[in-house]
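Subject: The structure I promised you

Hi,

Here is the structure for you to look through. Open it next to this email and follow along as you read.

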Amino acid sequence: MAASEREDGFTVLWLQSGGCGGCTMSLLCAEAPDLFTTLDSAGIRFLWHPSFSEATGEEVTAMLEAVCAGETRLDALCVEGSLLRGPNGTGRFHVLAGTDTPMVRWVERLAAVARYTLAIGTCAAFGGVTSAGPNPTEACGLQYEGEQSGGLLGDAYRSGAGLPVINVAGCPTHPGWVLETLMTLALDGMGDPLLDDLARPALYTDHLVHHGCARNEYYEYKASAEVPSDLGCMMEHMGCLGTQARADCNIRPWNGTGSCTDGGYPCVNCTAPEFEEPGHHFLETPKVAGIPIGLPTDMPKAWFVALASLAKSATPRRVRENAVADHIVNSPAKEHDGE
């Protein structure tokens, strides 16, 4: 039944676990239209959100119990932040305030009755930054622990609609990814074919960050940036993974205008598991014999080497000089010597 056919709308419960709250902050930046106009127009109703709702204390506890008992329908359980299982699997590192019950136990009970369960952000999806390093909190994702399927709910978990946890990954995730996913679910339009191999919505992972990147002319000629302020492509020397990262950040800019690469920072592939520990500095490109280890998706190494060599030999002076400058030093409007 679509949201418009339900008297009480498509119900969403949002919980925050072990994270920074950045995905909620990002959601609030939804625009054209704004967040609450979008929710209203799609018939999406929040049962509770820790930042948006007035209810607290016993009111919230009663609402959670009503959902767990099946007295209140839960269409979508959204969890932001990684799940803290420590110490020693008790979950006592994170107790939901006023309940004396670990958050992970609440999530397990609520996920058992939810029609859909969503991991909002890479922490909830795969563990993310919270699980980096020695991970003393035993942080994990809802259905993944890094690249390994499992996580808190286990590999076999399926929500009431028969789907795995839907991983709206990103650090933070884009408000458009969250809202389009919820709206699609409200229309009963989400199925396995619309999720990728990591259960991320294909609506944004059918693209690469490279698509729409403003530095694409530099990439085509392999005119590379050498220091952070340079205008050139950041793949060859500065660790940019935009040619491998699955997301539409440069097609669907943040706050209507920007992306990491537009802001001068290389893509770190934050929609993927274990991005937080690449094994090298974020601002360096690992190489063997001068060839980047991480090549563009679908690009055989021999092709890349051949094309890169040809492209560099054909690079216009304008592109070559601009690539290592912090502003446009040669405009395409100028006539050049045609070297």
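Below is what turned up, going from the whole chain down to single residues.

Before anything else, keep in mind that this is a predicted model.

**The whole chain**

The protein chain has 11 helices and 13 strands. Its C-alpha trace spans about 75 × 45 × 35 Å along the principal axes. For 339 residues, a compact globule would have a radius of gyration near 20 Å, and the 22 Å of this chain agrees with that. Of those 339 residues, 50% count as buried. If you take the contacts with a separation of 6 or more, 70% of them come from residues 24 or more positions apart.

**Some strands in the middle of things**

Start with strand β3, residues 76–80. Five of its five residues are buried, so β3 is largely enclosed by the rest of the structure. Which way do the side chains of β3 point? A76, C78 and E80 go one way, while L77 and V79 go the other.

Now find the neighbours of β3. Strand β1 (residues 10–16) runs parallel to β3 and is joined to it by five bridges; here W14 stands opposite C78. Strand β7 also pairs with β3 in the parallel sense, again over five bridges. In that pairing C78 stands opposite L118, and V79 has A119 as its bridge partner.

Strand β7 covers residues 116–120, and five of the five are buried, so this strand too is largely enclosed by the rest of the structure. Y116, L118 and I120 point one way from β7, and T117 and A119 point the other way. Three bridges join β7 to strand β11 (residues 166–168), and the two run parallel. There, the bridge partner of A119 is N167.

C78 is in no disulfide either, since its nearest cysteine sulfur, that of C23, is 11 Å away. Both C68 and C78 are buried, with a relative accessible area of 16% for C68 and 0% for C78.

**The aromatic rings**

A search of the whole structure finds seven aromatic pairs. One of them is W177 with Y204, which are stacked: 4.0 Å centre to centre, with 5° between the planes. W177 lies in helix α6 (residues 175–186) and Y204 in helix α7 (residues 202–205), so the pair ties together parts that are 27 residues apart in sequence. Are W177 and Y204 buried or exposed? Both are buried.

K222 lies over its face, at 3.7 Å from the ring centre.

Methods
Residues are numbered from 1 along each chain as its sequence is written. This is a predicted model: local features need pLDDT of at least 70, side-chain atom pairs count only at pLDDT 80 or more; totals for chains, interfaces and linings use all residues. Side-chain values use heavy atoms; hydrogens and water are left out. Rings of Phe, Tyr and Trp (its six-membered ring) pair if their centres lie within 6.5 Å; planes under 30 degrees apart count as stacked, over 60 as edge-to-face and the rest as tilted. Helices (H or I, at least four residues) and strands (E, at least two) are DSSP runs, numbered from the N terminus. Buried means under 20% relative accessible area, exposed over 50%, partly exposed in between (1.4 Å probe, protein chains only). A charge sits over a ring if NZ of Lys or CZ of Arg is within 6 Å of the ring centre and within 35 degrees of the ring normal. A disulfide is a pair of cysteine sulfur atoms within 2.5 Å. Two strands pair if DSSP finds at least two bridges between them. The radius of gyration is taken over C-alpha atoms; the globule rule is 2.2 Å times the number of residues to the power 0.38. Contact means heavy atoms within 4.5 Å.
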